[in-house]
Amino acid sequence: MTGTRLRVLLVEDDPGDAFLVGELLRDSAGLFDLAVAASLAQAQTLLATTDCVLLDLGLPDAEGIDGLRKLLAMAGSAAVCVLTGRSDEHLGMVAVAEGAQDYLIKGQVDGLLLGRALRYAVERKRADENAHRLHDVELLQAESERLERGLLPKPLMSATTVQVHTFYRSGRAEGLLGGDFYDVVQTGQTLRAIVGDVGGHGADDAALGARLRVAWRALILAGVPDDRVIPALEQVLISERRIREVFTTVVMTTIDLDDNQATVRLAGHPPPVLLADGTAAPVPARTGLMLGVETRPVPAYQMDLPSKDWSLLMYTDGLIGRLDQVGLCRLLVEAGGLTPPVPVPSLPAWLVDRAERASGGRLGDDVAMLLITRGQGR
C-alpha cells in the first residue's frame, strides 16, 4: 500500500482544519489525492471515487455518532476514519464499534501518523470485506450442502428379508450431488430399485437427476406398470433437459420378495452384478437405448435369484471407468476371500477405494451404487 496512491475524502466544514489536513498529508511523504466536502450531502457525490474518508463529527447536516452512521451507510467500500477535536475515549470506542476503521484526534497526529493511519484503515476495510465475502460464501455453501443432502433419497421399504446399502459421491469437488441418482421403493412384497446417470456432473445435471428420481418414485407409488415406467421417465427427461444433447442411462430392477425373482431393465446402462456362492457375474440382460435418443421399448430380463444368500449390485459407470465389468467382478470375489472378508455393507466404499487405487487418484465421475442383499449377501 505504501506505493499506491490513495484517494482521500475529508468531510470537514472548517476551512482552517481542512487546510491543516492537506498540509499533514503533504508532510507524510505518502501518495494521497485529497478532496474536501463541507457536508455529508456534498460527500455523497464523491464517495464512489474514494478509498478512505476522514470524517469530522460536527457537520452542518450530521452530528456525532449519528453522522458517522449516516456516512457508513453510504460509504460502500471506502474505509472511514473519524478525525475530530473531541478527545473522548468512550466516543472513540463507540465509533469503532459502529464500523469506523480508526478514531483520530485533531492536534494529536502528525503527517507520518496520519498517512500511516489512512493506509492501515484501507487495508483493514479490505480485510473486513474479504472476511464478509468469505463468510457469505461459507453460508451459501452450507445451505447448498443442506439442500443437496436433502435431495438424496431414503429407501422407502419395510422388508426385513433383504437389506439395501447405498453409496453416493459426486464428481464435483464442491458439490454433494451430481448427475447420478438412485432410489428404492417397496410396495407390498415387490421391491423396485433404480440407478441412473445423467450425462455430465454439473449443477444443472444434478438438478435434472433429482427431478428424474422424484418422478420415478411418483410413478412407482402411483402404481404405473413396470413396462411403462421408463418410457414415462423419458418423457420427463425430454421436457426437463436444458439441451437436446443431454441423455440419461438407467437400470431398473423389480424383485418379487416372495418368489425370489428379479426383472432387470437396462436403458444404455451397465448391467447389475449378481454376487452369490463366492462368484460374481454381470446379469446377462439385453441393453436398450439410453433415454432421450429415440423412444423404444426397454427389454425386460427375468431371472431367479439364489434361495438364501446373494447380493445384487447396481451402479453407475463412474465406478468402472478404469476397472471394466470383469475387473469389478474380480474385486467383488476378492473382497469375499479376504481374511476377514470385507463386510457386505462396506463393499461399495471399498470398491471405490480400490478403483481409485487402480486409477491413481480420485474418480473424476459421479458414483452411485445400490447393493441389495439377502441373507449373508454372498
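Select strands S1 and S2 (residues 32-37): they run parallel and are joined by 6 bridges. Strands pair if DSSP finds at least two bridges between them. Helices (H or I, at least four residues) and strands (E, at least two) are DSSP runs, numbered from the N terminus. Now pick leucine 9, whose bridge partner in S2 is alanine 35. From S1 the chain passes through helix H1 (residues 15-27) to S2, a right-handed β-α-β crossover; with the strands pointing away from the viewer, the path from the first strand over the helix to the second runs clockwise.

This is a predicted model, in which local features need pLDDT of at least 70 and side-chain atom pairs pLDDT 80 or more, while totals for chains, interfaces and linings use all residues. Residues are numbered from 1 along each chain as its sequence is written, and side-chain values use heavy atoms, without hydrogens and water.

Valine 8 stands opposite cysteine 52 in S3. Of the 6 residues of S1 (residues 6-11), 5 are buried, meaning under 20% relative accessible area with a 1.4 Å probe, protein chains only.

The last stop is threonine 50, in the loop between helix H2 (40-44) and strand S3 (52-55). Threonine 50 counts as buried because its relative accessibility is 9%. Its side chain reaches the backbone oxygen of leucine 46 at 2.8 Å. Leaving aside neighbours within four places in sequence, threonine 50 is in contact (heavy atoms within 4.5 Å) with Arg7, Leu9 and Ala78.

Note on methods:
Buried means under 20% relative accessible area, exposed over 50%, partly exposed in between (1.4 Å probe, protein chains only). A polar contact is a pair of N or O atoms within 3.5 Å; within protein, one must be able to donate a hydrogen and the other to accept it, and residues adjacent in sequence count only if both atoms are side-chain atoms.
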